[in-house]
Every structure is written in structure tokens, then in C-alpha cells.
Amino acid sequence: MKINTAITNTSVKNGSLGLELNEITVTIDFRDGENFFGGQVVLNSTEDNINLQTSTEEISNKAIEKAKNMISNATIYTDDEGNQINTEEN
């Protein structure tokens, strides 16, 4: 499997010591032959423990880990007959 990541947005904030990293948006593409899955995750300084000194490789690894956790923790909702239903839940 090949995994590609790209940082698509970065935001900073004023902190007690000057500019601090606030959030980084990372797009992720998982490819395995003809199969493809992609999306984006948002890493933030407090939840994901990133800062201005965090390397691009570290950011990519954290984004991949976050995406994998989202997928592995996903729930497929079904009705009483076992039919998949859509939800607006985040």
C-alpha cells in the first residue's frame, strides 16, 4: 500500500511567547492497486501535540495515525432489518 500526505493548510495564533502553531490540515491518500481511499484530517497543537518545531515527517505520521484510528473506530449503523442507514453524526 502506498500512502501520500500533503499539508494543505496551516494556521498560527498569538501565544504567550509569540507565534504558535494552531492547526495543520493534512490530506491523505491510501492506494493499493486499483483501490483508493482518501480524505483529510486536522491536527491541532493541544490535541495532537504539534508545534512549530514538529517535522513534516512527524506531521505526516500523526495524520496517518489519526486517519487510521478514525477508520478503525467507525461504526456502521443499521436498522432492525440490517440495512445500512446514513447519519449526520461526526
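Visitor: To begin with one serine, is Ser60 buried or exposed, and what is its relative accessible area?
Guide: Burial is read from relative accessible area with a 1.4 Å probe and protein chains only: under 20% is buried, over 50% is exposed, and values in between are partly exposed. Ser60 counts as buried, because its relative accessible area is 15%.

Visitor: What kind of model is this, and which pLDDT must side-chain atom pairs have to count?
Guide: Residues are numbered from 1 along each chain as its sequence is written, and side-chain values use heavy atoms, with hydrogens and water left out. This is a predicted model, in which totals for chains, interfaces and linings use all residues, whereas local features need a pLDDT of at least 70 and side-chain atom pairs count only at pLDDT 80 or more.

Visitor: Which side chain does that of Ser60 meet in a polar contact?
Guide: Ser60 lies in helix H1, which covers residues 56–72; helices (H or I, at least four residues) and strands (E, at least two) are DSSP runs, numbered from the N terminus. A polar contact is a pair of N or O atoms within 3.5 Å, where within protein one must be able to donate a hydrogen and the other to accept it, and residues adjacent in sequence count only if both atoms are side-chain atoms. At 2.8 Å, the side chain of Ser60 makes such a contact with that of Thr5.

Visitor: In what order do the strands of the sheet lie, and which of them stand at the edges?
Guide: Three antiparallel strands form an open sheet in the order E1-E2-E3, two strands being paired if DSSP finds at least two bridges between them. One side of each edge strand has no neighbour in the sheet, because each has a single partner strand, and these edge strands are E1 (2–15) and E3 (35–44).

Visitor: Which residue in the turn between E2 and E3 has a positive phi?
Guide: E2 and E3 run antiparallel and are joined by ten bridges, one of the pairs being Ile24 with Leu43. Two residues lie between these strands in their hairpin, and the positive phi, about 65°, belongs to Gly33.

Visitor: What angle does the direction of H1 make with that of E3?
Guide: Axes are lines fitted to C-alpha atoms, for helices over the stretch in contact, and angles run from 0 to 180 degrees between N-to-C directions. With contact taken as heavy atoms within 4.5 Å, H1 packs on the sheet and touches E1, E2 and E3, its direction standing to that of E3 at about 115°.

Visitor: Which lysine takes part in the network of salt bridges?
Guide: A salt bridge places a side-chain nitrogen of Lys or Arg within 4 Å of a carboxyl oxygen of Asp or Glu, and the structure holds two. Glu47, exposed at 61%, has an N to O distance of 3.5 Å to its partner, whereas Asp48, buried at 13%, lies 3.1 Å from its own. Asp48 is in the loop between E3 and H1, 18 residues from its partner in the helix. The network links Glu47 and Asp48 with Lys66.

Visitor: What angle separates the planes of Phe30 and Phe37?
Guide: Rings of Phe, Tyr and Trp (its six-membered ring) pair if their centres lie within 6.5 Å, with planes under 30 degrees apart counted as stacked, over 60 as edge-to-face and the rest as tilted. The structure holds one aromatic pair, in which Phe30 is buried at 9% and Phe37 is partly exposed at 46%. The centres are 6.4 Å apart, and the pair is tilted, with an angle between the planes of 45°.

Visitor: Which backbone nitrogen does the side chain of Asp79 reach at 2.9 Å?
Guide: Asp79 is found in the segment after H1 and is partly exposed, with a relative accessible area of 28%. Its side chain reaches the backbone nitrogen of Glu81 at 3.0 Å, while the backbone nitrogen reached at 2.9 Å is that of Asn83.
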